[in-house]
Number of protein chains: 2
Amino acid sequence: MTESFPARFARARARYGPLVLGADPHGPLLRRWQLTDDAEGLQRFTDIILKAADGAAGVIKPQSAFFERHGWQGIRALARLIDGARDMGILVILDVKRGDVGSTNEAYAQAYLGPKAPLAADAITVSPYLGLAAMDAFTDGAHDAGAGLFVVTRSSNPEGRLIQSAITNDGGSVEHRILAEIGELNARLAPGGIGPIGAVVGAGEMDPPLDLAGANALYLAPGIGAQGATPEDLARTFAACPDRVLPSASRSLLAAGPDPAAIRDAATSLNEEFRRLL
Amino acid sequence: MTESFPARFARARARYGPLVLGADPHGPLLRRWQLTDDAEGLQRFTDIILKAADGAAGVIKPQSAFFERHGWQGIRALARLIDGARDMGILVILDVKRGDVGSTNEAYAQAYLGPKAPLAADAITVSPYLGLAAMDAFTDGAHDAGAGLFVVTRSSNPEGRLIQSAITNDGGSVEHRILAEIGELNARLAPGGIGPIGAVVGAGEMDPPLDLAGANALYLAPGIGAQGATPEDLARTFAACPDRVLPSASRSLLAAGPDPAAIRDAATSLNEEFRRLL
């Protein structure tokens, strides 16, 4: 039986630190690295990322959009990145933010979760506008596959507040309700432990606060560095459960590239900072 | 200059009726049609759909998830479906429900909108949990490309109510606010006309009602037939602007397959019913 995603993350964290290396091959980066902005360039980007992560980061997070922009050839490069990383023992969180209803979610789960999936990630992100309660295919699918799920709950961008802070029919906000549902799912799927259903929660001011410790969940915190949040912000936001945070940084680390050794050094240094603070 | 998506839809509607033929190659359907559940099967499914739509439906809506489940080979089949349909003059709404922030949305827009996109659809669906206001890359990108966008606003599944009916900081519900933002975008992008930013709104009871006529938008109404809503439900829901509805049916039509002529007859008959009612 596959070890659970929270258990695999705990091992990776003990060895390397909690850093998630964001693999975002956007056009300007490929140009700066003197790579072609096509599937061939994505393949070379992939080689650099795998060399950079080796021994420095236990988790990578490719953003699907940057591969989708090159169509099926881009997806083929993404599959190679995922398979290459997992062969090296690096965990892969695929940032796809999918979310639909019924059999459509089943199809997405078949695409991204479990050993038979063509893009078999260790965890994926999902978006809950149609209701987390409609996403059994993802939540059960992740549990059955020993994979993780990160439900976008509180994002760090200001435009996200309109929906995320709206008040639901029981008086709690949307983000509170989603976190409560995550807690219920984890209590059912992994009683007494950290469950497979995590949340995406941006580092930053927590107003109103969320009961992060209570949901028995892992937290993916994107955009540390380039998007404005510092490691200190992260430590404050997740003070209640610092060992459950997966801080993701991409641009601030890839800026050291394209030399894999330089990215590796930047990642190692950031992991050391996270180890001190979290 | 490319004609706008609402103008292209109006022409398709005048010729064939408003029906959107949903192209959902889920596993059970492929098996029932005696096709293999792989990229080869998807290719044969695509041939059948194009033959069935020819002369019977002006718009098709492939659901990306069912192609993603076969990895890059599935995406290659999806690209062939999109290109084949557009070569025949059939409009393609690609149901991908993407939605993120900043440069990630730019990458998605590059993947799906405009002549240079590897999967160049006439319109796509997007999901607004991170805020429609964070989605300039989609809204401006659709406008610039002469493409359409359908923002998931009110879904027909009961689990969607938790978020969609939550109350925002100005006292209006999430779905009201999104529709109001769509109306503002359309007033800016297409003053005095029907704009490129549409909404996904399920047919069914409208409680509380939405000001559908005021947003100058097209409405994609999924799941007519198999998911429980009837053409009469549709006519009631969209009584304020019946000519702006794009009713989508998939399973109820594909049930007539795999003979393309039988699907075509079912689509023609449903289009005639919509013409009478809308």
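In this predicted model, helix H3 (residues 39–53) of chain A packs against helix H12 (residues 260–277) of chain A at an angle of about 45°, and their axes lie 8 Å apart. Angles under 35 degrees would count as roughly parallel and those from 65 to 115 as roughly perpendicular, so H3(A) and H12(A) come out as oblique to each other. The crossing of this pair, H3(A) and H12(A), is right-handed. On the H3(A) side, the touching residues are Ile48(A), Lys51(A) and Ala52(A), and H12(A) answers with Pro260(A), Ile263(A), Arg264(A) and Ala267(A).

Next comes the meeting of the two chains. Here 43 residues of chain A are in contact with 43 residues of chain B. H6(A) gives the most, with six residues. The side of chain A that touches chain B is made up of 22 nonpolar, 14 polar and seven charged residues.

Over in chain B, helix H7 (residues 136–145) is mostly covered, with seven of its ten residues buried. Those buried residues of H7(B) are Ala137(B), Phe138(B), Thr139(B), Gly141(B), Ala142(B), His143(B) and Ala145(B). Their cover includes helices H6 (102–112) and H9 (174–189) of chain B, along with strands S4 (123–126), S5 (148–154) and S6 (197–201) of chain B. Just after H7(B) sits Gly146(B), which takes a positive phi of about 65°.

Conventions. Residues numbered from 1 in each chain as written. Chains lettered and ligands numbered in written order. Predicted model: local features only at pLDDT ≥ 70, side-chain atom pairs only at ≥ 80, totals over all residues. Axes fitted to C-alpha atoms, helices over the stretch in contact; angles between N-to-C directions. Helix = DSSP H or I, 4+ residues; strand = E, 2+ residues; numbered from the N terminus. Parallel < 35°, antiparallel > 145°, perpendicular 65-115°, else oblique. Left-handed = near helix turned anticlockwise from the far one by under 90°. Contact = placed C-beta atoms within 7 Å. Nonpolar A, V, L, I, M, F, W, Y, C, P; charged D, E, K, R; others polar. Buried ≥ 20, exposed ≤ 12 C-beta atoms within 10 Å, placed from the backbone.
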